[in-house]
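Have the coordinates open as you go.

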Amino acid sequence: MSGLLHTLSTAPADRALFVRDGRAITAGQIRATAADIAARMSGDRVYLYTVSAALFAAGLLAAASKRATVCCPAHLQPAYLREIGAEDAVLLTDQSVALSQDEDAAIDAPDMLDFVFYTSGVTGAPKPVHKAIAQLDAEARVLEDVWGSRAGRAVATVSHQHIYGMLFRLFWPVLGGRLSEDRAAEYWESVVAGPGTMLITSPAHLTRLPSTLAGAGPGLIFSSGAALPFAAAQGARDLFGVLPIEVLGSTETGGIAWRQQDDAGASWTPLPSVRVNINADSLLEVTSPFAGSGSHVTGDAAEFVGDRFRLLGRADRVAKIDGKRVSLARVEDALLALPFVEAAAAIDLPDRKGALGAIVELSADGKSALLEKGAFRLSRAFRSGLAERLEPAERPKHWRFASIPLNAQGKRVQAQLRACFAEPTGTVVARDDENAQVAMTLTPDLIWFRGHFPDQPVLPGIAQVHMAVQWAERLWDWKPAGANLSQLKFRRILRAGDVVTLSLARDLKRQRLAFAYRLKDVLASDGTIGGAP
């Protein structure tokens, strides 16, 4: 099997490589587009970011003809482009280049090309990772050896800008002689993945499968970017009739191993030509032709299970959020640059589908803004403020405006940070569309008791309000509009160990929530939250 550039350069002009809206994009069109791009290129480095896989392939061919290195931004946020040096460089996008309608063109491109990918390093700054095209070609050949006999047309929900999508949507289909959809589907409803296709997707998508997709599924489903929850793997099989193949890897290492979760906790099988070891720190160590010379230590703790291995969790501060590597340190730096923020902690939340959470300590002005706007509006303002520097997966979805918990040594502990986002525990006694009652014990380990007061911990009034909103979200997937508080009365102190009943009543017309806490038959507190303006 030849390499990608050789295939693009020599394939018959009428060979269809990609499909867009049912129309084929041929090798001749790719070469003609590459010739147009090359005529306008200068310098020894080009930044390439396109939604179209065909345009990306043409950009690679053009760069090779100019002996230029291809840099692959993860997104196009202006501050991020400045960080990676793309601000004043040649940047090729769907808006700056167009697919040629010519049938062919001659282009002289050697079968050599260097890439620079950017990942989230532990310092928070984008980390450049250099790869040679020969490494991607080699990995595509392994994919063909392992799954080529069952592979079909590539349909995707993931971008080709990241190495997983690039390999599975561009390199492997083109080298294997198969069609690939030119654009990734933005929504499940636009995915057309019936028999004879292979679906290239991610845990971020497979954990959000709509029931309307039931029917004939693809021949193969691939998932990468993070470990797929067992329930999601089984859900995909129930819906499509196919158990996803998960591929473990990273930009630095390339593909490492694969698994299918017939059983919970299924172990990983190394890919052919990949050797794995577990070092003295219990971290997975990889030696691979896809990763260059030497061995590479990952941030994954692992243990051997026979000739396979099992992952035991991340050992560094890079988390997988929606299948993308996110530096928690980078997120915290961006949060600290916002107005009103004095300290910030970012944490991934496995109990909330791996979403990202932020605990923010506010300045005096920030606390005033919180009282005025409410937590919901303030968090949305913060997310908007992060948009220039961070891509969507890096922006926290869950927020807490409180003191950051520290252990006795003054250090942040993951378990304590995650406890700030813990769902309240209790038993639903009664529930309908508008009313509910929940019985709960106020256990001493509730985050809200910390600092209120060590000798006799009491549950603050704002915590009671917050817990009421949390229960409304859990019971009805709904929350009141805004954070206006009215008719609040705190009659009795609630202490650690108290057994209480929380009564909730939601007013959908006015978008507000009434709550009441009772100690046996005694009303301890009540009030109303929210309300449409």
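1. Start with the aromatics: W147, Y164, F168, W172, F222 and W258 make up one cluster. Bear in mind that this is a predicted model. Searching the whole structure turns up 12 aromatic pairs.

2. One of those pairs is W147 with F222, and its geometry is edge-to-face. The ring centres sit 5.1 Å apart, with 75° between the planes. W147 belongs to helix α5 (residues 133–147) and F222 to strand β11 (residues 220–224), so the pair ties together parts 75 residues apart in sequence.

3. Are these two partners buried or exposed? W147 is buried, at 2% relative accessible area, and F222 is buried too, with a relative accessibility of 0%.

4. Next, have a look at how helix α2 (residues 27–39) packs on helix α3 (residues 53–65): the angle is about 55° and the axes are 8 Å apart. That angle makes α2 oblique to α3. The α2–α3 crossing is right-handed.

5. Who makes that contact? From α2 come I30, R31, T33, A34, I37 and A38; α3 supplies A54, L55, A57, A58, G59, L61, A62 and S65. Sorted by class, the α2–α3 contact has 10 nonpolar residues, three polar and one charged.

6. Last, helix α9 (residues 328–336): seven of its nine residues are buried, so α9 is largely enclosed by the rest of the structure. The buried residues are L328, A329, R330, V331, E332, A334 and L335. R330 and E332 are worth a click, as both are on that buried list.

Methods
Residues are numbered from 1 along each chain as its sequence is written. This is a predicted model: local features need pLDDT of at least 70, side-chain atom pairs count only at pLDDT 80 or more; totals for chains, interfaces and linings use all residues. Side-chain values use heavy atoms; hydrogens and water are left out. Axes are lines fitted to C-alpha atoms, for helices over the stretch in contact, and angles run from 0 to 180 degrees between N-to-C directions. Helices (H or I, at least four residues) and strands (E, at least two) are DSSP runs, numbered from the N terminus. Angles under 35 degrees count as roughly parallel, over 145 as roughly antiparallel, 65 to 115 as roughly perpendicular and the rest as oblique. A crossing is left-handed if the near helix is turned anticlockwise from the far one by less than a right angle, and right-handed if clockwise. Contact means heavy atoms within 4.5 Å. Ala, Val, Leu, Ile, Met, Phe, Trp, Tyr, Cys and Pro count as nonpolar, Asp, Glu, Lys and Arg as charged, and the others, Gly among them, as polar. Buried means under 20% relative accessible area, exposed over 50%, partly exposed in between (1.4 Å probe, protein chains only). Rings of Phe, Tyr and Trp (its six-membered ring) pair if their centres lie within 6.5 Å; planes under 30 degrees apart count as stacked, over 60 as edge-to-face and the rest as tilted.
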